[in-house]
Amino acid sequence: MAENLEKVLTDIKSQPWSLLTVNNQQLLYKILTDSICYCILLTDLNSIYYEYLSGLEIERKFSEMNAGLEMSLSRILLQLKKALKGLENGDSQNLCVTRENDEYLIKMETLLAGIPFSWTFALKENRNIRMKDHLLIPCLGMIAELQQRQACLLSIIEKKDLEIEDYKEQEAKVSRKYLETKPFNSHQFFQDRNNTEVLARTIEESFIRVFNEENNDLYTSVVSAFNEVEAKAALYGNETETLMAEEDLARQTQPMTQSKEELKEQEKNLEITRRKALEKQLCSTPKAKKKKINL
């Protein structure tokens, strides 16, 4: 179960967040299901809460909350996703979100073929699921990419203005007056957008503007790109660690190699010294005196 949970938490990173507005409170959630489990994350931008249930746990919970109903596991999972999708689209009249200590409870009731279907997501705070992985880094990546797109679009507009100016110098005219545009002034545009009132309206609508279907593909692409960067960095780190380990091992064995060589050299020098001493001893031995023979 732990291995499957780890895999699900990795896979759910690239899942875009959806907006859930209940009692004027804006929350973000994401849900990932497969054939044997579901995992749902919820954040109030302070912490991340989650619930992970495997197949047997889902079936047990379904029986407790919907006595008399019989559904396959795949049908239950499908119904949960549909119910959340409906709530996301504003159908929250049968939804109740409460917070108890470190837990969020999402209680919902929907109709399934005219029969009431009830479910309660019990999401507990998990400090191991980091806000930066699921929200901060993806949003920073989206901002960086949108800045690049903005720069490209400004460059295109500038070129278009130069093209229009060239047409005008050749006495070309717009066939319909309302299509005529003034040269784009990027400095004035940004100055207008930095107006406090304009920014205030943007901030009020920030959840709706950022977490919508238009940006879902961008969010997923940014997370996938970041995962690829992390994988390359990890591979480079492993290669670097291996190289450093090899160098360290070489440094450790080098003194031993040098000591053996020095030992051999010392033995060689000692042998030479012994030979010289022996030769000197032989040369210094007094020769025996020859005896005189009397004839």
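Residues are numbered from 1 along each chain as its sequence is written, and side-chain values use heavy atoms, with hydrogens and water left out. Because the model is predicted, local features need pLDDT of at least 70 and side-chain atom pairs count only at pLDDT 80 or more, while totals for chains, interfaces and linings use all residues.

**View A. Aromatic rings that pair up.** Searching the whole structure gives nine aromatic pairs. Rings of Phe, Tyr and Trp (its six-membered ring) pair if their centres lie within 6.5 Å; planes under 30 degrees apart are stacked, over 60 edge-to-face, and the rest tilted. Phe 117 and Trp 119 have ring centres 6.5 Å apart and planes at 5 degrees, so this pair is stacked. Phe 207 and Phe 211, with centres 6.3 Å apart and planes at 40 degrees, are therefore a tilted pair. Phe 117 and Trp 119 are both buried, and so are Phe 207 and Phe 211 (buried means under 20% relative accessible area, exposed over 50%, partly exposed in between, using a 1.4 Å probe and protein chains only). Look also for one aromatic cluster, formed by Tyr 38, Phe 62, Phe 117, Trp 119 and Phe 121.

View B. Leu 53 sits in strand β4, residues 48-54 (strands are DSSP runs of E, at least two residues, and helices are runs of H or I, at least four, numbered from the N terminus). Its relative accessibility is 11%, so Leu 53 counts as buried. Apart from neighbours within four places in sequence, Leu 53 is in contact with Ile 36, Cys 37, Tyr 38, Ile 58, Lys 61 and Trp 119 (contact means heavy atoms within 4.5 Å).

**View C. What lines the largest cavity?** The lining residues are Pro 16, Trp 17, Met 142, Val 210, Phe 211, Asn 215, Asn 216 and Tyr 219 (they have an atom within 4 Å of a cavity point; on a 1 Å grid over the protein atoms alone, a cavity is a set of points where a 1.4 Å probe fits but cannot get out). Helix α8, residues 213-284, gives the most to this lining, with three residues.

**View D. Asn 215, one of the lining residues.** Asn 215 lies in helix α8, and at 14% relative accessibility it counts as buried. The side chain of Asn 215 reaches the backbone oxygen of Arg 209 at 3.0 Å. Setting aside neighbours within four places in sequence, Asn 215 is in contact with Met 142, Arg 209 and Val 210.

Conventions: 1 Å grid on protein atoms, 1.4 Å probe; cavity = no way out; pocket = protein on both sides within 12 Å on 5 of 7 lines; lining within 4 Å. Polar contact = N/O pair within 3.5 Å; in protein donor to acceptor, adjacent residues only side chain to side chain.
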